[in-house]
Amino acid sequence: MEQNAAIDVFSALSQATRLESFRLLMEYEPDGLPAGEIARRLGVPQNTMSSHLAVLARAGLVESERHSRSIVYRAVVERVREIASFLVQDCCGGRPELCEPLVAEFTPCCSPKETSHV
């Protein structure tokens, strides 16, 4: 990832509603959520939510797909991998043992587990 793309990602996530929206969409991967449902869950007017989702889409963090009358948004997990890799690209000065705690912290959240979205 280039520096300017990373800046776009961080800029998009530097606003509370956009950050909450993105985290919510990560929770609902791979199915995603309709825009109206995201707005409802976060207590944001739908037109405001559309603007926030557009910023996230321009940064490559979310993608949308029309399903009948709804637009369903999904997080772009590959973009998360790209930004995490960008952040730790030069980590540890060639000493991988220093990065082990970082890798270990991601392991529990990424293990297969059963989730229920009620």
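1. Accessible areas in this note come from the Shrake-Rupley method with a 1.4 Å probe. On that basis the protein chain exposes about 8100 Å², and carbon and sulfur atoms supply 52% of this area. The model under discussion is a predicted one.

2. As to overall architecture, the protein chain holds 6 helices and 3 strands, arranged along the sequence as α-α-β-α-α-β-β-α-α. Of its 118 residues, 28% count as buried. Among the contacts with a separation of 6 or more, 57% are accounted for by residues 24 or more positions apart.

3. The buried residues of H4 are Met49, His52, Leu53 and Leu56. Seen down the helix axis, these buried residues fall within an arc of 100°, so they line one face of H4. Asn47 and Arg58, on the other side of H4, are exposed.

4. The buried residues of H4 pack against helices H1 (3–13), H2 and H3 (35–42), and also against strands S2 (62–67) and S3 (70–75). Just after H4, Gly60 adopts a positive phi of about 80°.

5. The Ser21 side chain reaches the backbone oxygen of Thr17 at 2.7 Å. Leaving aside residues up to four places away in sequence, Ser21 touches Ile38, Leu42, Met49 and Leu56; Met49 and Leu56 are among the buried residues of H4.

6. The whole structure contains 6 salt bridges. One of them joins the side chains of Arg74 and Glu29 (2.7 Å, N to O). Arg74 lies in strand S3 and Glu29 in the loop between H2 and strand S1 (33–34), so the pair ties together parts that are 45 residues apart in sequence. Glu29 counts as buried at 19% relative accessibility, whereas Arg74 counts as partly exposed at 27%. Glu29, Glu63 and Arg74 are linked in a network of salt bridges.

7. Arg40 counts as exposed at 57% relative accessibility. Arg79 counts as buried at 17% relative accessibility, while Glu82 is partly exposed at 24%.

Definitions and conventions
Residues numbered from 1 in each chain as written. Predicted model: local features only at pLDDT ≥ 70, side-chain atom pairs only at ≥ 80, totals over all residues. Heavy atoms only, no water. Helix = DSSP H or I, 4+ residues; strand = E, 2+ residues; numbered from the N terminus. Buried < 20%, exposed > 50% of the residue type's maximum accessible area, 1.4 Å probe, protein only. Contact = heavy atoms within 4.5 Å. Polar contact = N/O pair within 3.5 Å; in protein donor to acceptor, adjacent residues only side chain to side chain. Arc of directions from axis to C-beta. Salt bridge = Lys/Arg side-chain N within 4 Å of Asp/Glu carboxyl O.
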